[in-house]
Amino acid sequence: MKPILEFRGVSRSYESGSGTQTVLRDVNISIFAGEFSAITGPSGSGKSTFLNLCALLDEPTTGEIYFDDVPTSGLSEALLCNLRKNAVGMVFQQYCLLPYRTVLENVLFRFRYLDMDSAETRKLARNALAMVGLEGFEDRSTHQLSGGEMQRVGIARAIALKPRLLVADEPTGNLDSAAAAQVMRCLQQLGEQGDIAILLVTHDESLLKYTSRHLSFNDGLLTECE
Ligand SMILES: Nc1ncnc2c1ncn2[C@@H]1O[C@H](COP(=O)(O)OP(=O)(O)OP(=O)(O)O)[C@@H](O)[C@H]1O
């Protein structure tokens with residue numbers, strides 16, 4: 001099986017007044033469909049930097065990132081933009097929902113700027129809501145939802161276009177343990193369907209029981225944990 005995403009010799013440095021700070025060092029990893037990977041590590045170890053590279057929001061300083069076997073450094077900004085829109089879904093700690101809009105409107109937001117038939121987008125949005133267990137919630141306003149429900153709307157929005165890769169930065173960071181478990185089970189089920197690779201950054205090691213792979217960063221170095 002070919003990886004969805006492959007890092008070969010990737011490093012990322014930032015320049016500042018005080019010199020160069022290397023945040024990721026020689027990262028080599030392949031990410032496959034059906035995997036649900038947890039990414040842990042101390043604060044400042046490079047987790048979000050890695051996630052931003054995976055979501056193609058940033059570029060390596062050295063090395064190459066392959067998306068579906070294609071080296072991304074050779075892609076035009078238009079093609080990269082297309083990949084970001086269609087092939088990558090993102091879930092945020094703060095949910096980032098439109099306030100006082102319905103659940104369905106929030107998921108439909110994923111289709112803005114896309115030239116798609118509205119009957120088709122509504123069908124995809126409803127399917128995505130069903131996949132996260134929110135069938136029947138379509139017409140509720142987001143301010144009537146619990147935190148766990150809001151995050152599942154965030155996941156539905158992220159998967160509505162059937163991305164190849166789902167990246168989630170601390171998606172349970174604002175949730176109590178019961179709601180966090182609900183969100184993790186939802187992500188686990190999505191991963192088990194086998195079409196998508198899920199990358200989850202978390203500080204909470206108790207969530208590792210839901211994931212199929214554990215990657216850990218320490219001072220910019222990636223370790224695969226057993
Ligand atoms: N755009 C940037 N410019 C300069 N330095 C940056 C930038 N983004 C991140 N850094 C630095 O890179 C290092 C790693 O940051 P990153 O956000 O990837 O860590 P993290 O492991 O996600 O941390 P946390 O768990 O606190 O979110 C930090 O020292 C941070 O200050």
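**The sheet and the ligand shell**

Before going on, residues are numbered from 1 along each chain as its sequence is written. The model is predicted: local features need pLDDT of at least 70, side-chain atom pairs count only at pLDDT 80 or more, and totals for chains, interfaces and linings use all residues.

Strand E1, residues 5-16, and strand E4, residues 62-67, run antiparallel and are joined by five bridges. Strands (E, at least two residues) and helices (H or I, at least four residues) are DSSP runs, numbered from the N terminus. Two strands pair if DSSP finds at least two bridges between them.

E4 also pairs with E5, again antiparallel, over two bridges. There, tyrosine 66 is opposite proline 71 of E5. E4 and E5 make a hairpin with two residues between them, and aspartate 68 in the turn has a positive phi of about 50°.

Now the whole sheet. It is open, with four strands in the order E2-E1-E4-E5 and antiparallel pairing. E2 (19-31) and E5 (70-71) each have a single partner strand, so one side of each has no neighbour in the sheet.

Next, the ligand. Which residues are around it? They are Tyr14, Val23, Gly41, Ser43, Gly44, Ser45, Gly46, Lys47, Ser48 and Thr49, counted as near if the C-beta atom, placed from the backbone, lies within 6 Å. Helix H1, residues 47-54, gives the largest share of this shell, three residues.
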